[in-house]
Amino acid sequence: MDILYVSANYRGKRIGHKLLEKCKKIALDFGAKKLYISATPTKATVDFYRNEGAVIAKEIDSDLFKLEPLDIHLELDLT
């Protein structure tokens, strides 16, 4: 997925959570073990992913880092 964004008027309705759950299911169907997230460096965005169980990435994807060096790189375990 390129971008996960929920408009302010719709936040707090668990739409982001539901979209992320759908992404996790699709990733699992492809055999993935984790999601790699390059998140906009805002508190709300990082808090959202952390509340969903994501942690700071142990290994940084150098290509994504070059594209978005200010992003916070996270990973979400699917197992």
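How many bridges join S2 to strand S3? I looked this up in the predicted model and found two, with S2 and S3 (residues 72-77) running antiparallel. For Val55, I recorded Glu75 in S3 as the bridge partner.

**Sheet.** I then traced the strand order. Three strands form an open sheet, ordered S1-S3-S2, and the pairing is antiparallel. Strand S1 (34-39) and strand S2 (55-56) each have a single partner strand and stand at the edges, so one side of each is left without a neighbour in the sheet.

**Core.** I next listed the largest nonpolar core, which holds ten residues. Its members are Leu20, Ala27, Leu35, Ile37, Ala39, Tyr49, Ala54, Leu74, Leu76 and Leu78. I noted that helix H1 (15-29), S1 and S3 each supply at least two residues of this core. S1 gives the most, with three residues.

**Ala27.** With neighbours within four places in sequence set aside, Ala27 is in contact with Ala32, Leu35 and Leu78.

**Confidence.** Finally, I checked the pLDDT values. The chain averages 95, and 100% of the residues score at least 70. Which element of the chain has the lowest mean pLDDT, and which the highest? I found the lowest mean, 94, in helix H3 (residues 62-67), and the highest, 98, in S2.

Conventions: Residues are numbered from 1 along each chain as its sequence is written. This is a predicted model: local features need pLDDT of at least 70, side-chain atom pairs count only at pLDDT 80 or more; totals for chains, interfaces and linings use all residues. Side-chain values use heavy atoms; hydrogens and water are left out. Two strands pair if DSSP finds at least two bridges between them. Helices (H or I, at least four residues) and strands (E, at least two) are DSSP runs, numbered from the N terminus. A nonpolar core is a set of buried Ala, Val, Leu, Ile, Met, Phe, Trp, Tyr and Cys residues joined through side-chain atoms within 4.5 Å. Buried means under 20% relative accessible area, exposed over 50%, partly exposed in between (1.4 Å probe, protein chains only). Contact means heavy atoms within 4.5 Å. pLDDT is the predictor's confidence in each residue, from 0 to 100.
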